[in-house]
Amino acid sequence: MAREDRGNARDARRGEMSLFVRTIVKKRDGGDLSEGEIDAFVTGVTDGTITDEQAAAFLMAVCCRGMTAAESAALTFAMMRSGETWDLSRHGFVADKHSTGGVGDKATLVLAPLLAAVGVKAGMMSGRGLGHTGGTLDKLEAIPGFRTAVPKAEFDRLLDTVGCALIGQTDSIAPADRRLYALRDVTGTVESIPLITASILSKKLATGASAVAFDVKTGNGAFMADPKDAERLGKALVETTRATGRKASGYLTAMDRPLGEAVGNANEVEESIRMLGGEGPADLRENTLLLGADLVLAAGLETSAKDARRRLNAALSDGRALEVFRKLIAAQGGDPGVCDEPKRLPQAVSRRDVPAPASGVVTRIATREVGLLAIELGCGRAKKDDVVDPASGFRVKKKPGDAVEKGEPLLVVELGPSAKPNATFYDRLAGCFTIAPAGARVESLPFVVGTL
Ligand code: URA
């Protein structure tokens, strides 16, 4: 580059730098940012013109000052446009769902094949475990051979041939979120509703679904433990999605106890297979039907929630949903035999009960701690490059409101080949359950806490 050009580039860069600083200062002082300012900032995050320090300062300013609905939408769309956006229009209607995550949440594994079985195409892009919560990708990868790194062309093929696809996030989707998310994690700026909304939706909307059903978890095992915060996040997710012309609906659901019985990876796949075959825990069925019915209605296949649920229940009972899962596993390189012989999934080498220390009623489960103990056992990662042990996990035997006799198992620990719980592990797990004399007040949310 000639000397003069180098000088011009430096001047242009200085100009941008001062624009970025002005944007940070405006937000720091409580001002509302324009769409142009937000766009320029996100472009700088994506192309590296913005330094980590500036991006972190911006995140902290947003975290402390908040954003208006218009700013939050502008941030979402700018982050979405930072990478590829997929056009799925040739498939007609494509459904998606998003859960804010929790302990034992395997609903995506059931919902995608179930929707395909009733004639609703479902394309879902999932992430890995985050904090104390499990990740759909880690669960899917417990299926021997299952590939989650699927490019767009194969995603299209899966929608054409199977009717559903369960894939992992690709690097080309919302790269601005990848950089901002990593910074949020180390700057205390994860818990901000506009930042969470933009992070979730930049990825979700980039993959081009026609309708999204949101499952915003609340209670002591959710990221948004307080139902009021969960509702604010849920409404932001639904309203911002609708602003793009897509259909959106959602629920606040209880995460003050694990969902279903299985917590882990292979054991959650096994529980999902049972659910797809018409068995499985009532709360998992309810969770699946709740979101599934909304998406069947959004697809225009039924006109009442009752009929939508009837359609979905029929596919669980008559084997169609499980048959789609078999096909999906085979199409994504996995062993479809796990659907008929779950023992082909990674198996625990031993099991140990966690007995109730007293008789009475379970009044509370410290669900976040159960999730953290699952990570400690090897079901997730404490550090980015930790290796997951797919065979390890828990089977939760008692939930809030259940009567229990002294010595009865509250939970069974399944120990995979690399699980090495330390001396206090089992006591800490038992300590997650509060047991009070029969008749004591039970602290438990209704499964459906609210509608968005
Ligand atoms: N999931 C995301 O993708 N982003 C968040 O900020 C929180 C949950």
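The buried residues of helix α5 are Ala107, Thr108, Leu109, Val110, Leu111, Ala112, Pro113, Leu114, Leu115, Ala116 and Ala117, where buried means under 20% relative accessible area, exposed over 50% and partly exposed in between (1.4 Å probe, protein chains only). The model is a predicted one, in which local features need pLDDT of at least 70 and side-chain atom pairs count only at pLDDT 80 or more, whereas totals for chains, interfaces and linings use all residues. Residues are numbered from 1 along each chain as its sequence is written, and side-chain values use heavy atoms, with hydrogens and water left out. Helices (H or I, at least four residues) and strands (E, at least two) are DSSP runs, numbered from the N terminus. Because 11 of the 11 residues of α5 (residues 107–117) are buried, this helix is largely enclosed by the rest of the structure. Glycine 119, which follows α5, has a positive phi, near 95 degrees.

An oxygen atom of the ligand lies 2.9 Å from a polar side-chain atom of arginine 184. For lysine 203, a polar side-chain atom is 2.5 Å from an oxygen atom of the ligand. Serine 199 has a side-chain N or O atom 2.6 Å from a nitrogen atom of the ligand. On its own the ligand has 240 Å² of accessible area, of which the protein covers 84%; accessible areas come from the Shrake-Rupley method with a 1.4 Å probe, and for residues only the protein chains shown count as cover.

Cavities and pockets were searched on a 1 Å grid over the protein atoms alone: a cavity is a set of points where a 1.4 Å probe fits but cannot get out, a pocket is an open set with protein on both sides within 12 Å along at least five of seven lines, and lining residues have an atom within 4 Å of a point. Grid points are joined across faces, edges and corners, and a volume is the space filled by probe spheres set on the points. Two cavities of 30 Å³ or more are found in the whole structure. The largest cavity contains about 140 Å³ of space. Its lining comprises 22 residues, with His132, Thr133, Gly134, Ile375 and Cys379 nearest the centre. Elements that give two or more residues to this lining are α6 (136–140), β6 (262–264) and α15 (367–377), and the largest share, three residues, is from α15. The lining of the largest cavity divides into six nonpolar, 12 polar and four charged residues.

The second largest cavity holds about 40 Å³ of space and is lined by Leu59, Leu75, Met79, Asp177, Leu180, Arg184, Leu195, Ala198 and Ser199. Two or more of these residues come from each of α4 (69–80), α8 and α9. The lining of the second largest cavity consists of six nonpolar, one polar and two charged residues.

Of its 17 lining residues, Met67, Ser72, Ile193, Pro194 and Ala236 are the closest to the centre. At least two residues of the lining are supplied by each of α3 (52–65), α4, α9 and α10 (227–242), with α10 giving the most, four residues. Eight nonpolar, six polar and three charged residues make up the lining of this pocket.

Serine 82 is located in the loop between α4 and β1 (94–99). Serine 82 is buried, with a relative accessible area of 16%, and a polar atom of its side chain lies 3.1 Å from the backbone nitrogen of alanine 176.

Key. Polar contact = N/O pair within 3.5 Å; in protein donor to acceptor, adjacent residues only side chain to side chain. Nonpolar A, V, L, I, M, F, W, Y, C, P; charged D, E, K, R; others polar.
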